[in-house]
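Have a look at the sequence and the structure first.

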Amino acid sequence: MIGSLPPRYRISVDPVRCMECGRCIENCAYGVFSRDGDRIFVNSRNCTACHRCIACCPRDAISLEEHPCDYRSHPLWTREAREAIYNQARTGKIILAGMGNALDYPAIFDRLVLDACQVTNPSLDPLREPIEVTTHLGKKPASLDLRRREGGDVELRTRLTPNLRIETPIMIGHMSYGAISLNAHLSMARAAKETGTFMGTGEGGLHAALHPYQDRMIVQVASGRFGVNIDYLERGAAIEIKIGQGAKPGIGGHLPGEKVCADISRTRMIPEGSDAISPAPHHDIYSIEDLAQLVRGLKEATEWKKPVFVKIAAVHNVAAIAAGIARSPADAVVIDGFRGGTGAAPMVFRDHVGIPIEAAVASVDKKLRDQGIRNELSVIASGGIRGSADLAKAIALGADAVYIGTAALVAMGCRVCGNCYRGLCPWGIATQRPDLVARLNPDEASNQVANLIRAWTLELSELLGAAGINSIESLRGNRDRLRGYMLDEGLMQVLDVRGVGA
């Protein structure tokens with residue numbers, strides 16, 4: 001008999017400060033609190049450390065302690081390893097988890113430092129000098145054919161393909177309606193419109209409430225093809241084909257039937273209450289040629305007016321895959337690193353499959369440059385972008401822009417408790433329960449996400465100015481602006497950066 005496991009968290013209520021208002025009971029979606037006569041009873045075993053009770057307590061009477069009773073320490077048989085075995089011994093099932101990779105891998109971004117100018121190459125002052133952060137995503141011509149007319153005007157003879165113009169190199173990544181609530185989608189869509197950027201729909205279709213923001217939406221075509229029809233494709237400003245994602249490379253997705261309410265049923269175009277299962281492969285894509293055919297088909301369906309992106313997970317042969325995508329009609333590749341978040345994934349995939357976004361972007365950029373086709377494809381980095389420094393470093397490694405996902409959720413109040421797959425998010429983000437969804441105010445949340453994007457953009461301008469650069473174009477792929485610190489030689493070669501002091 002395995003017996004009870006040590007509690008992960010201990011919730012304590014100060015009886016002196018507690019006024020027994022019951023707000024903790026009302027706000028906890030996991031059943032931690034209940035009323036026992038004239039006092040509050042606590043069941044700490046249900047706690048997920050979502051902090052909702054702490055945030056809502058008017059008297060600051062609630063405190064949380066992590067691992068109050070632990071196992072004997074062991075370097076190999078950690079708490080997580082033992083509990084995974086206990087749980088699978090009981091159930092015989094795959095362990096699910098939310099959010100991104102939770103293992104203690106070093107963050108490569110934290111081992112890279114940015115350059116700054118001083119005397120002979122003076123820095124720029126973003127408050128007094130223009131710093132251009134506007135970005136265009138899509139294919140760029142290798143050269144321009146210009147003809148001068150008799151009157152002196154210049155005529156551009158080169159045919160340009162459609163590009164997305166974003167006022168900041170920050171976009172909001174794809175999170176489906178179903179994985180997150182409609183209020184969360186609305187919040188991010190409004191923020192994207194306010195800040196002149198774009199947001200992904202995820203693979204769950206485009207809810208009618210988001211139609212007013214369709215000019216700022218990138219619609220996704222995933223393996224399940226949920227919600228995909230010509231109306232959906234025409235509404236988006238761009239189209240993204242999802243081949244894989246960083247949190248679970250090589251596998252599909254699963255939205256349980258209990259989450260498929262009437263609204264999600266209409267949006268995804270599946271029966272209410274049925275499981276929404278995305279297969280691992282697209283059943284019409286088994287080669288780069290097949291992928292090129294789908295890209296061409298989507299462009300034909302939308303009269304070649306919209307750029308088409310291809311999203312792939314960061315894996316070991318990511319550079320070769322990206323080179324193949326560059327030779328298709330696709331306009332951009334999205335590379336999702338192993339720290340990318342998710343609503344639900346097998347823990348073994350989330351924590352052990354894939355490679356870091358830093359190495360993936362650097363290898364893709366180098367491969368495309370070596371083959372002379374870098375202009376054929378924009379590169380979008382995704383998976384674990386935590387701040388403006390990560391953004392600047394990703395661009396210096398070769399990205400044109402980044403997607404943020406978890407950061408946008410945190411801006412709305414997410415505590416990264418990792419229980420998204422349970423559908424009980426007390427903050428109204430990763431849930432479809434009407435009473436919980438109502439807790440997220442789209443007006444407030446959209447303002448917070450927009451503020452985050454604006455703040456990162458301002459900091460990026462400051463970093464560019466410090467480096468003596470007045471345009472984001474000059475930072476893209478400029479590894480001379482990076483130095484590695486405490487990185488091994490092999491990784492430095494992959495990143496193509498020199499060590500500090502060099």
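Q: In which sense do E18 and strand E20 pair, and over how many bridges?
A: Keep in mind that this is a predicted model. Strand E20 covers residues 378-382, and valine 379 in E20 stands opposite valine 333. E18 and E20 pair in the parallel sense, over five bridges.

Q: Which residue in E18 is the bridge partner of phenylalanine 309?
A: Look at E17, residues 308-313, which pairs with E18 in the parallel sense over five bridges. Phenylalanine 309 has its bridge partner in E18, and that partner is alanine 332.
The chain gets from E17 to E18 by way of helix H8 (residues 318-326), in a β-α-β crossover that is right-handed.

Q: How many residues of strand E18 are buried?
A: E18 runs over residues 332-336 and is mostly covered. Ala332, Val334 and Asp336 point one way, Val333 and Ile335 point the other way, and all are buried. Buried here means under 20% relative accessible area. The count for E18 is five of five.

Q: Which elements do the buried residues of H10 pack against?
A: The buried residues in H10 include Ile357, Val361, Val364 and Leu368. The buried residues of H10 pack against H8, E18, E20, helix H11 (388-396) and helix H15 (489-495).

Note on methods:
Residues numbered from 1 in each chain as written. Predicted model: local features only at pLDDT ≥ 70, side-chain atom pairs only at ≥ 80, totals over all residues. Heavy atoms only, no water. Buried < 20%, exposed > 50% of the residue type's maximum accessible area, 1.4 Å probe, protein only. Helix = DSSP H or I, 4+ residues; strand = E, 2+ residues; numbered from the N terminus. Pairing = 2+ DSSP bridges. Right-handed = clockwise from strand over helix to strand, strands pointing away. Contact = heavy atoms within 4.5 Å.
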